[in-house]
Amino acid sequence: MAYKFIDNYRERGARKQLVELLKRRGIADKKVLEAIGKVPRHYFFDETFWNQAYKDIAFPIGDGQTISQPYTVAYQTELLHIRPGDKVLEIGTGSGYQTCILMELGAEVYTIERQANLYNRTIQVLPYMGYKPHFFLGDGSKGIPDHAPYDKILVTAGAPFVPEVMLKQLRIGGVMVIPVGSEKEQKMVTILRIGEQEYERIELDTFRFVPLVGDQAW
Ligand code: SAM
């Protein structure tokens with residue numbers, strides 16, 4: 001894939017329209033909308049497909065994976081209530097677009113991807129764009145225990161259950177957002193850790209994610 005990094009009036013205009021569309025779809029957090037308005041999503045696409053970059057759709061990024069739909073990215077990010085300085089674990093780097101959104105909100109991001117091709121692409125593209133998260137290659141279904149605890153944990157692939165080992169890496173008072181269900185569709189689940197052994201779980205809307213594949217997953 002050939003990359004080109006030019007953000008001209010056409011792309012900036014399309015990005016503004018995307019923000020307006022997300023507002024109409026119910027995304028209310030101003031900071032999340034601002035972040036969507038800042039990150040050039042077309043940088044994650046081959047130039048041939050730039051006309052698809054600001055549609056509210058998921059799009060193939062190779063290796064059978066997708067860049068998440070902007071609405072889904074905004075929805076998950078809103079649920080995390082990111083505060084500047086939050087230490088965030090992201091499972092499923094994919095294109096790296098969601099990572100950039102988290103970083104625009106001031107998070108320090110630990111992001112892990114199991115597919116080497118995607119990992120190798122993001123470790124080049126994101127720093128070039130000015131984003132420097134902590135990158136990891138491997139099975140994120142077990143979290144990244146060496147760097148725990150995290151203020152927030154975000155899973156961007158569909159899990160069959162909430163991995164216990166990942167829950168333990170959440171700081172008390174921290175929030176996890178994870179889609180849980182079948183391989184076909186999942187409920188968005190938020191989990192607040194309220195004590196050493198106590199968690200509060202809320203199930204929200206239905207989404208369709210690519211599967212979380214690994215030791216504590218499919
Ligand atoms: N948020 C990403 C973006 O904006 O591009 C999209 C993520 S994509 C929907 C889900 C990603 O999770 C895929 O890149 C997939 O390879 C990755 N994945 C699946 N299972 C994983 C695992 N156990 N550990 C790490 N990454 C995993």
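**Pockets, ligand and backbone**

Reply: Sorted by class, the residues lining the largest pocket comprise 14 nonpolar, 15 polar and five charged ones. Please note that this is a predicted model.

Me: How much space lies in the largest pocket, and which residues are the closest to its centre?

Reply: The space amounts to about 510 Å³. The lining consists of 34 residues, and Gln-65, Thr-66, Thr-156, Ala-157 and Val-210 are the closest to the centre. Elements that give two or more residues to this lining are β2 (65-67), α3 (70-80), β3 (87-91), α4 (97-104) and β4 (108-113). The most comes from β2, with three residues.

Me: What is the volume of the second largest pocket, and which residues lie nearest its centre?

Reply: Its volume is about 200 Å³. Among its 13 lining residues, Asp-29, Lys-31, Val-32, Ile-82 and Leu-105 lie nearest the centre. Helix α2 (residues 30-38) gives the most to this lining, with five residues. By class, the lining has five nonpolar, two polar and six charged residues.

Me: Why is Leu-118 called buried?

Reply: The relative accessible area of Leu-118 is 2%. Buried means under 20%, so Leu-118 is buried. Its place is in helix α5 (residues 116-129).

Me: Which residues does Leu-118 touch, leaving aside those up to four places away in sequence?

Reply: Leu-118 touches Ile-61, Gly-62, Asp-63, Gln-65, Gly-94 and Glu-113. A contact requires heavy atoms within 4.5 Å. By C-alpha positions, Leu-118 and Asp-29 are 29 Å apart in space and 89 residues apart in sequence.

Me: Why is Asp-63 called partly exposed?

Reply: Asp-63 has a relative accessibility of 34%. Partly exposed covers the range between the 20% limit for buried and the 50% limit for exposed, and therefore Asp-63 counts as partly exposed. Asp-63 is found in the loop between β1 (59-62) and β2. Phi of Asp-63 is near 55°, a positive value in a residue other than glycine.

Me: Is His-81 buried or exposed, and how do you know?

Reply: The relative accessible area of His-81 is 56%. Exposed means over 50%, so His-81 is exposed. His-81 is found in the loop between α3 and β3. Although His-81 is not a glycine, its phi is positive, at about 45°.

Me: Which residues come nearest to the ligand?

Reply: Of the 26 residues around the ligand, Ser-95, Glu-113, Asp-139, Gly-140 and Val-213 come nearest.

Me: Which residues does a cis peptide bond join, and what is omega there?

Reply: The cis peptide bond joins Ala-148 and Pro-149, with omega about 5°. Pro-149 lies in the loop between β5 (134-137) and β6 (150-155).

How values were computed:
Residues numbered from 1 in each chain as written. Predicted model: local features only at pLDDT ≥ 70, side-chain atom pairs only at ≥ 80, totals over all residues. Heavy atoms only, no water. Helix = DSSP H or I, 4+ residues; strand = E, 2+ residues; numbered from the N terminus. Buried < 20%, exposed > 50% of the residue type's maximum accessible area, 1.4 Å probe, protein only. 1 Å grid on protein atoms, 1.4 Å probe; cavity = no way out; pocket = protein on both sides within 12 Å on 5 of 7 lines; lining within 4 Å. Points joined across faces, edges and corners; volume = space filled by probe spheres on them. Nonpolar A, V, L, I, M, F, W, Y, C, P; charged D, E, K, R; others polar. Near = heavy atom within 4 Å.
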